[in-house]
Amino acid sequence: MQAALAQNYDVVQVQVPHLELKKFKTIVKALGCMVETISPLERSLREAEQGQIIHYDSLDDLIKEIG
């Protein structure tokens, strides 16, 4: 395990179908990689920090936007 800790890692974001998640985690761990799962709340906070949110002045504006 010491050799794996000495390596530099790149962080990538991958979207995996829910039904394949267990298989995906098994494969990734076999390759010596780490899987980090985040909660929906944490994902939302990260999106907000990155400015990936849409602001509406009122509920009526939101309803007009989504049709």
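The protein exposes about 6,800 Å², of which carbon and sulfur atoms supply 56%; accessible areas come from the Shrake-Rupley method with a 1.4 Å probe. The model is predicted: local features need pLDDT of at least 70, side-chain atom pairs count only at pLDDT 80 or more, and totals for chains, interfaces and linings use all residues. Residues are numbered from 1 along each chain as its sequence is written, and side-chain values use heavy atoms, with hydrogens and water left out. Of the 67 residues, 1% count as buried, that is, under 20% relative accessible area with a 1.4 Å probe, protein chains only.

The radius of gyration, taken over C-alpha atoms, is 18 Å, whereas a compact globule of 67 residues would have a value near 11 Å; the globule rule is 2.2 Å times the number of residues to the power 0.38. Along the principal axes, the C-alpha atoms fill a box of roughly 55 × 30 × 15 Å.

The secondary structure consists of four helices and zero strands. Helices are DSSP runs of H or I with at least four residues, strands are E runs of at least two, and both are numbered from the N terminus. Helix H2 (residues 21-30) is hardly covered, with one buried residue among its 10. Gly32, which follows H2, has a positive phi near 85°.

The mean positions of the 7 positive and 10 negative charges are 15 Å apart. Lys and Arg count as positive and Asp and Glu as negative, while His and the chain ends are not counted; the place of a charge is NZ of Lys, CZ of Arg, CG of Asp or CD of Glu.

Technical notes
Buried < 20%, exposed > 50% of the residue type's maximum accessible area, 1.4 Å probe, protein only.
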